[in-house]
Amino acid sequence: MKFQKPKGTKDILPKDIHKWHFVEKTIREATKLFNFSEIRTPTFEYTELFKRGVGSETDIVGKEMYTFVDKGGESITLKPEGTAPVMRAYLENSLSAESPLHKLYYITSMFRYEKPQAGRYREHSQFGGEIIGSDSIDTDVELILLAKEVYNRCGINNFKLKINSIGKPSERKTYVNALTDYLKKHFNRLSEESKKRLGTNPLRILDSKSPDDLIITKEAPKIIEHLTKDSRNRFDLVLYELTRLGVNYEIDFRLVRGLDYYTDTTFEFISSDLGAQDALGGGGRYDGLIELLGGKPTPGVGFGSGIERLIIVAEKNGFTFGEPSSPKVYFIALNSSAKEIAFKIMMELRKKNISCETDLLVRSMKAQMREANKIGSDYVFIIGDDELKNQKGILKKMSDGSQQNVEFDKLREYLN
RNA sequence: GUGAGCGUAGUUCAGUUGGUUAGAACACCAGAUUGUGGCUCUGGGGGUCGGGGGUUCGAAUCCCCUCGCUCACCCCA
C-alpha cells in the first residue's frame with residue numbers, strides 16, 4: 001500500500017456516514033431545544049492561546065499539541081480543545097457587548113499527538129457547549145442536562161456522571177499546600193510520574209491510576225474540606241438541583257481534570273462500554289479564564305464530548321442511527337432513447353425532492369434489478385421498447401413485487 | 001515516550017514438523033433457454049502471504065531489521 005492515513009486518523013466511509021449525520025443532527029436539535037447558538041472557530045490558533053489558556057504544565061500543552069512554525073514564522077497549533085478558542089473568539093468579537101450572556105456550542109475536530117488507542121485518535125471530533133457570562137449554578141446544571149439529552153437521544157442511558165468541586169484559586173492554593181505536605185510524607189511510594197508532578201502540578205496526582213498512587217491518594221486530604229463556606233454551598237446547590245431534576249451523579253473528590261482553567265464545578269461522563277479511555281465527555285467551570293486571556297472578569301462553564309466515543313457507546317448498546325439512505329426510484333432504461341426519457345423524468349422528480357438513480361454502467365436488466373434491490377430503492381421504473389411505444393413505463397414496487405403501467409408524465413402521482 | 005499482542009484475497013480467517021500453480025466463507029462480477037430483484041445453482045476476477053535482508057536445494061512457515069495495526073501505561077474526548 002503506497003499511501004496510508006496518518007497514524008491516529010480515520011476515514012469515515014459511506015456505509016458509516018449515516019451514524020455521523022444522525023449524531024450531528026441530534027446535537028443540533030438538542031442545542032436548539034436549549035437555545036444554544038453554534039460558533040465555529042479556526043482549525044488552528046496561535047500557540048500562545050493554548051499555552052496561556054490551557055496551562056503550560058498540562059499534558060495537553062506539554063506533550064500533545066500539533067505545533068509548527070508557518071512560513072511567516074508564527075507558531076501555530078491545531079486546536080487540542082475547544083474552550084480556549086471560543087473564549088478568544090468571544091473576546092475578539094466583543095460578544096459581551098451584544099448580550100451579557102452567551103450560550104454557544106460547537107462540533108469540530110480536535111488534534112492531540114498521542115498514541116492511538118481504543119476510542120482515542122489524534123484527530124477526533126467533539127461537540128461542546130459553553131455558557132459565558134453567568135456564575136449561576138443553573139448554568140452548570142444546564143450544560144450537564146444538554147450533554148445528557150444528546151446521550152439519551154443516541155440511545156445511551158448507562159453512563160455515569162462524576163462530579164466534584166475544586167473551588168476558587170485561593171482555596172485551591174491552600175488545598176494544594178495541604179495535599180503537597182501529605183504527599184511528601186509518602187514521597188517514596190509515589191509513582192515516578194507522580195514524583196515529578198509533585199513539583200509541577202500536584203493536583204493531577206489525584207487522578208493517577210497507578211495502584212501505588214491510588215493507595216496514597218485514597219487517604220489524602222479532600223479538596224471539599226478546604227472549600228470556603230460559599231464554595232461548599234455552591235457545590236451543594238448544584239448537587240441539590242441535579243437531584244431535584246432526577247440526574248444521577250457520583251461525587252468523586254479525585255476528579256480534578258487535566259486543564260488548568262477550571263474552578264468550582266468539574267464533571268465527567270464516563271461509560272464502562274469504552275475501554276481504558278472511559279470518558280465520554282467532561283467539563284467544568286472556568287471563572288478565571290476570560291480574565292486570563294485579557295478580558296474583563298467573566299464567569300463561564302463548558303464541556304466537551306467525544307463524538308467517536310459517543311458512537312462507540314451507542315453501538316455497544318445496539319443503537320442503529322437510522323438507516324442509510326437509498327433512492328426512492330431506480331430507473332431501468334433498456335436503450336439509449338429510454339435513457340433520454342429516464343433522465344428527463346428524473347430531472348423533474350428531483351426538482352420535487354424525490355431521489356432517483358439509474359444505471360450508469362450499461363448493464364443488463366437483471367443486473368440493474370439486482371442493483372436496485374441492493375441499494376434499497378422503493379420502486380423500479382422500467383423503460384424499454386414497448387414502453388417507449390406506449391409512453392407508459394412499468395412501475396414496480398420492490399417490497400411486494402407488484403407492478404403497473406404508468407404514463408411517463410404521471411409517475412410522480414404513483415409514488416408514495 | 002514505555003510495554004504487550006498481531007500483520008495471508010475487499011472482509012473474516014485456514015494453511016499440517018519449511019516441500020509442486022497459497023485455500024475457504026462472505027462480498028464483488030457474470031450466467032441459469034436471451035425484458036424483472038431478494039432464495040438457490042454454476043462460473044469468474046482478485047493475493048509482491050505488510051516491506052527489506054538473511055538461513056536453505058526450497059520460506060506464508062525459521063532468524064534479524066523495519067513499517068503498520070491493536071490493546072494497555074501515561075493522559076484524555
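In what order do the eight strands of the open sheet run? The order is S1-S5-S6-S11-S10-S9-S7-S8, and the pairing is mixed. Strands here are DSSP E runs of at least two residues, helices are H or I runs of at least four, and both are numbered from the N terminus. Two strands pair if DSSP finds at least two bridges between them. At the edges sit S1 (37–38) and S8 (250–251), each pairing on one side only.

A word on ground rules. This is a predicted model: local features need pLDDT of at least 70, side-chain atom pairs count only at pLDDT 80 or more, and totals for chains, interfaces and linings use all residues. Residues are numbered from 1 along each chain as its sequence is written, and side-chain values use heavy atoms, without hydrogens and water.

Now S9 (residues 263–270) and S10 (residues 279–285). They pair antiparallel over six bridges. Threonine 266 has glycine 284 in S10 as its bridge partner.

Helix H11 (residues 307–316) packs on the sheet, touching S5, S6, S10 and S11. Contact means heavy atoms within 4.5 Å.

What about H1 (residues 17–33)? The axes of H1 and H11, lines fitted to C-alpha atoms over the stretch in contact, come within 11 Å and cross at roughly 110 degrees. So the two helices are roughly perpendicular, the term for 65 to 115 degrees. On the H1 side, the contact uses Lys19, Trp20, Val23 and Ile27. H11 brings Ile307, Glu308, Leu310, Ile311 and Glu315.

Key:
Chains lettered and ligands numbered in written order. Axes fitted to C-alpha atoms, helices over the stretch in contact; angles between N-to-C directions. Parallel < 35°, antiparallel > 145°, perpendicular 65-115°, else oblique.
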